[in-house]
Each structure stands twice: as C-alpha cells, then as structure tokens.
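Here are my notes on this model, point by point. Please read them with the structure open.

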Amino acid sequence: MALTGHHEAEDRELFPTIAAEHPELRGTLRRLEQDHSMIAHLMAGLTDAVERAASPAELRRHMEGIAAIMESHFRYEERQLLTVLDTLALDGAPRTALGSF
C-alpha cells in the first residue's frame with residue numbers, strides 16, 4: 001500500500017535526517033511516528049473488516065477514523081516540517097526518503 005510505504009520511508013529515511021539536522025524537532029518526529037503506527041493499526045482494522053465483509057456502516061466508521069487521524073497528521077506535519085523540508089539536503093532520491101505514491 002502506498003500510504004504504508006510512504007510512512008515507512010519517512011520513519012526510516014526522512015525523519016532521521018531531519019533529527020540529525022534539527023534535534024529540536026525530535027519530539028515532533030516522535031509524534032508523527034506514533035501517528036504512523038496508529039494509522040497502520042487503523043488500516044489493519046479496515047482490511048480485516050473488508051475481508052470479513054463487514055456492514056457498510058462498520059466500513060464507514062473505519063474510513064471516518066482513518067480520515068480523521070490522517071487529516072490531523074498531515075496538517076500537523078505541514079505546520080511543523082514544511083519550512084524544514086524546503087531547506088533539507090537529502091542524500092538520496094526523494095522516492096527513497098518519501099516512499100512511492
């Protein structure tokens with residue numbers, strides 16, 4: 001899944017680079033990694049619901065939960081990291097640091 005690959009790449013490649021250059025952002029990066037873990041957990045719940053042919057109402061609840069945390073996550077990430085990302089020097093290709101979409 002593209003979202004999982006993106007978050008794993010951020011955790012593995014991008015966030016350590018940011019932490020090395022901006023140690024003051026380590027708390028922010030931990031929070032974003034926690035969000036990634038929660039999103040993965042919610043996605044696993046959705047996958048399970050789909051595989052067992054859950055009701056439309058249950059599927060909708062899963063989707064609404066995922067949408068809520070993703071919206072919050074992306075807004076926080078943009079507020080906290082956008083300026084840093086504009087100036088960050090990455091050693092590898094952006095696809096390595098950000099994952100493929």
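**Notes on the fold and its cores**

1. Burial comes first. Of the 101 residues in the chain, 32% are buried. Keep in mind that the model is predicted.

2. The secondary structure is quickly told. There are four helices and zero strands. Along the sequence the order reads α-α-α-α.

3. Contacts reach across the sequence. Take the contacts in the chain between residues at least 6 apart in sequence: 73% of them join residues at least 24 apart.

4. How do α2 and α3 cross? Helix α2 covers residues 26-51 and helix α3 covers residues 56-87. Their axes come within 10 Å and cross at roughly 160°. Angles over 145 degrees count as roughly antiparallel, so α2 is roughly antiparallel to α3. The crossing of the pair is left-handed.

5. Where α2 meets α3, the residues are 16 nonpolar, eight polar and four charged.

6. Which residues form the largest nonpolar core? It has eleven: L14, F15, I18, A19, L25, L29, L32, Y76, L81, V84 and L88. The elements giving two or more residues to this core are α1 (2-21), α2 and α3. Helix α1 provides the largest share, with four residues.

7. To recap for the figure legend: the chain is built on four helices, with α2 and α3 roughly antiparallel and a largest nonpolar core of eleven residues.

Conventions:
Residues are numbered from 1 along each chain as its sequence is written. This is a predicted model: local features need pLDDT of at least 70, side-chain atom pairs count only at pLDDT 80 or more; totals for chains, interfaces and linings use all residues. Side-chain values use heavy atoms; hydrogens and water are left out. Axes are lines fitted to C-alpha atoms, for helices over the stretch in contact, and angles run from 0 to 180 degrees between N-to-C directions. Angles under 35 degrees count as roughly parallel, over 145 as roughly antiparallel, 65 to 115 as roughly perpendicular and the rest as oblique. A crossing is left-handed if the near helix is turned anticlockwise from the far one by less than a right angle, and right-handed if clockwise. Ala, Val, Leu, Ile, Met, Phe, Trp, Tyr, Cys and Pro count as nonpolar, Asp, Glu, Lys and Arg as charged, and the others, Gly among them, as polar. A nonpolar core is a set of buried Ala, Val, Leu, Ile, Met, Phe, Trp, Tyr and Cys residues joined through side-chain atoms within 4.5 Å. Buried means under 20% relative accessible area, exposed over 50%, partly exposed in between (1.4 Å probe, protein chains only). Contact means heavy atoms within 4.5 Å.
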